[in-house]
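Morning, everyone. Please have a look at the structure on the screen, and I'll walk you through a few parts of it.

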Amino acid sequence: MSAVPSLSAIIITRNEARRIECCLRSVDFADEVVVVDSGSTDDTVALARAAGARVSVRADWPGFGVQKNRALELATGDWVFSIDADEVVTPALRDAILAAIRAPGGADVFQVRRRSCFAGRPLRFGDWYGDRVPRLFRRGAARFTEDLVHERLDHAGPAPVLDGLLMHYTIDSLEDALEKGRRYAEAGAGRVAARGRGGLLSAIGHASWTFLRGYLLRGGFLDGRYGLMLAWCNARGTWQRYRLAGRLRDSRRR
């Protein structure tokens, strides 16, 4: 009788003491949990170790893609599940993950449905609804792109969608959303500038489209004031990214 395949859960962290325990409890069905921390100044590392995670502290910050690959390299399971510190696996998704890795044959990579929350409110419309992300994969079958931000899981072949939901508690307040949007804009501006894009007109066009797409075309208005806040924050972040990209591009030409 063949052995049951083992599962590693991998997480990257920095100052996630408020969220890490809920995240870790939700993946306690994994055979091992690997946490790579980038110099937290709160209790993240202590809480993760107390929960039984294997923690590696790396003081530098090479970006999301490289950091996730560092965690992947430490994983020893036959399968790997990548989860962010602000995410929680629901019981239905847990059962689907275990069924997928125990089934003979089948795909090497699986997607999960993610339900995002804005200030504690699950959103059912707009840009964040219907999010499907590849997260479960056979070790060796996939690797993260080495992007500073908005990294992707690079893999070949189909990626079926598992049952259940991955809950994403990404934003605590409007202020949190604005700050996170600013950080992501700064991190992503270089990539936009490298493609020769950015500037005032580009920022106006992309920000306007971002708002219209999320609030009107994807029904964000049906989420009430939360849908409006999300659409506005996403548009603001897009504006900042393209404006910063234009300034970076202009500075390189001088």
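One term before we start: contact means heavy atoms within 4.5 Å. Also keep in mind that this is a predicted model.

Let's begin with helix α4. It covers residues 91-102, so 12 residues by the usual run-based assignment. From its first C-alpha to its last, α4 reaches 17 Å. That is close to the 16 Å expected at 1.5 Å a residue.

Which residues of α4 are buried? They are Leu93, Ala96, Ile97, Leu98, Ala100 and Ile101. And what do they pack against? Strands β1, β4, β5, β6, β8 and β11.

Now the strands. Look at β11, residues 161-171. Strand β5, residues 87-89, runs antiparallel to β11, and three bridges join the two. Strand β6, residues 109-118, runs parallel to β11. Here there are six bridges. Glutamine 111 stands opposite valine 161 of β11.

Next, the core. In soluble globular proteins, nonpolar side chains tend to be buried together. The largest nonpolar core here has 33 residues. Leu7, Ile11, Phe81, Leu136 and Leu162 touch the most other members. Helix α4 gives the largest share of this core, six residues. There is also a second, separate core of 14 residues, and Leu72, Ala75, Val80 and Leu153 are among them.

Let's zoom in on leucine 136. Set aside residues up to four places away in sequence. Leucine 136 then touches, among others, Leu7, Phe81, Ile97, Ala100, Ile101 and Leu162.

Now a charged residue. Lysine 180 sits in helix α5, residues 174-194. Is lysine 180 buried or exposed? Buried, yet it has no salt bridge. The nearest side chain of opposite charge is aspartate 86, 4.1 Å away. Beyond its neighbours within four places in sequence, lysine 180 is in contact with Asp86, Thr170 and Ile171.

Last stop, two loop residues. Asparagine 15 lies between β1 and α1. It is not a glycine, but its phi is positive, about 50 degrees. Asparagine 15 counts as partly exposed because its relative accessibility is 30%. Histidine 150 lies in the loop between β9 and β10. Its phi is positive too, about 55 degrees, and it is not a glycine either. At 45% relative accessibility, histidine 150 counts as partly exposed.

Definitions and conventions: Residues numbered from 1 in each chain as written. Predicted model: local features only at pLDDT ≥ 70, side-chain atom pairs only at ≥ 80, totals over all residues. Heavy atoms only, no water. Pairing = 2+ DSSP bridges. Helix = DSSP H or I, 4+ residues; strand = E, 2+ residues; numbered from the N terminus. Expected span 1.5 Å × (residues − 1). Buried < 20%, exposed > 50% of the residue type's maximum accessible area, 1.4 Å probe, protein only. Core = buried A, V, L, I, M, F, W, Y, C linked by side-chain atoms within 4.5 Å. Lys, Arg positive; Asp, Glu negative; His and termini not counted. Salt bridge = Lys/Arg side-chain N within 4 Å of Asp/Glu carboxyl O.
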